[in-house]
Amino acid sequence: MSRWYPNRIDAMEGLFVRKHALAVSLYNEVQVLFVKEDKAVTHREMVTTKFENIKETIVYYPFSKVRALRAIRYFKALFYGYRQVLAQGFSPQILHVNVLTRVGFFAYLLKLFTHKPYLVSEHWSRYLPHGYYATTTALHKWLTRLVVKNAAYFIPVSNVLKSALDSFCLKNSNCRIVHNTIEDFFFEHSTREKRNVKRLLHISCFDEKAKNVKGIIRAFGNLYQKRQDVELVIVGTGQDFNSIKLFIEEEYDKIPIALVGEQTPDEVVAWLHSSDVFVLFSNYETSGVVLMESLASGTPVISTPCGIAPEIITKDNGLLVPFADEQALTEKMEWMINHQSNFDKDKISRSAEQFRFRSVGEQLSDIYTTIIEGRNKGTSGAAV
């Protein structure tokens, strides 16, 4: 069960949750339950599909402008979807919740009435210093602590996020970091084309507050003043795409910056393999999947110490740069270009092995086994 998950309204929403489910499905039977408010429907609508090894049940329910009614419809849709999953013959031994708080409270209620254990994976940046969790209501904070405290396991996706959660007393004695995961095809290397121009790459959801794309552009502009054998490619789309596009047209229209828009996974891999350096200049991240993907492809990275960056970036695979320090970023870009021979793409790729589906799936399966063995001495588990 998840707060976010890919659906017919937004195919990218919670994609990292689906990847976790796929990793788990290598070792367990997995049923996903997700509910989504939909302005296009007037009655509840359930869609059940198979995606690779996982069965997905999505319940769409009508939109309401009344906040209380929206909450009621949300929980009614969850309860309806859960009953339908049971009616289809799936009987979960473990409830795996992704993203607090509402779906976690539903799992807590199920535990009270059915005694099924649940665990929580948390991904949300709202707990970080730039987030808004500190301003939520006292009731919401109390419910969140209740859900976390009663979970069989609590699983933040990075140490940075765990520290932020700890600061709000969102703690559980059974806590373990399990990172996000990436597909194996990122590890399938191709021969890099030889070019006279060095390519720097950024992949973004174009949320300027978080990603600081304009900071990358300004730093690259400074670099281009010093040397013209460089180009910047920016992949992705999002809420600030048009404003960033206008910013480039007005301020940097004479230098080689390409906005290539949203790309397929295969195209993203191609860009990574054809680039010399990947750049992430985020103000905050809970994880940093693009860092995993870059390293898997053998591409060295420059990143602020956001998300998992301090945990995985070493002298052998990249450089860290201080938050918002554009001069330092310019210097790191130039150093990286001048020292390409210092980096071994195979060694860089090996540093990302821990993020493969099989590795993350094994970690989560180990947790499931621990929970189930503690409950009934060794029955194999399933997750929903």
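Visitor: At what angle do the axes of helix 7 and helix 12 cross?
Guide: This is a predicted model. In it, helix 7 covers residues 213–226 and helix 12 covers residues 326–338. Their axes come within 8 Å, and the crossing angle is roughly 55°.

Visitor: Which term describes that arrangement, parallel, perpendicular or oblique?
Guide: Roughly parallel requires an angle under 35 degrees, and roughly perpendicular starts at 65. The angle here is roughly 55°. Helix 7 is therefore oblique to helix 12.

Visitor: Of the residues in the contact of helix 7 with helix 12, how many are nonpolar?
Guide: Helix 7 contributes residues including Ile 216, Arg 218, Phe 220 and Leu 223, while helix 12 contributes, among them, Leu 329, Met 333, Glu 334 and Ile 337. Three residues of the contact are polar and four are charged. The nonpolar ones number seven.

Visitor: What is the radius of gyration of the protein, and why does it count as compact?
Guide: The protein has 14 helices and 13 strands. For 384 residues the globule rule gives 21 Å, and the protein comes close to that, so it is as compact as a globular protein of that length. The radius of gyration is 22 Å.

Visitor: What percentage of the residues count as buried?
Guide: The C-alpha trace spans about 65 × 45 × 40 Å along its principal axes. Buried means under 20% relative accessible area. Of the 384 residues, the buried share is 54%.

How values were computed:
Residues are numbered from 1 along each chain as its sequence is written. This is a predicted model: local features need pLDDT of at least 70, side-chain atom pairs count only at pLDDT 80 or more; totals for chains, interfaces and linings use all residues. Side-chain values use heavy atoms; hydrogens and water are left out. Axes are lines fitted to C-alpha atoms, for helices over the stretch in contact, and angles run from 0 to 180 degrees between N-to-C directions. Helices (H or I, at least four residues) and strands (E, at least two) are DSSP runs, numbered from the N terminus. Angles under 35 degrees count as roughly parallel, over 145 as roughly antiparallel, 65 to 115 as roughly perpendicular and the rest as oblique. Contact means heavy atoms within 4.5 Å. Ala, Val, Leu, Ile, Met, Phe, Trp, Tyr, Cys and Pro count as nonpolar, Asp, Glu, Lys and Arg as charged, and the others, Gly among them, as polar. The radius of gyration is taken over C-alpha atoms; the globule rule is 2.2 Å times the number of residues to the power 0.38. Buried means under 20% relative accessible area, exposed over 50%, partly exposed in between (1.4 Å probe, protein chains only).
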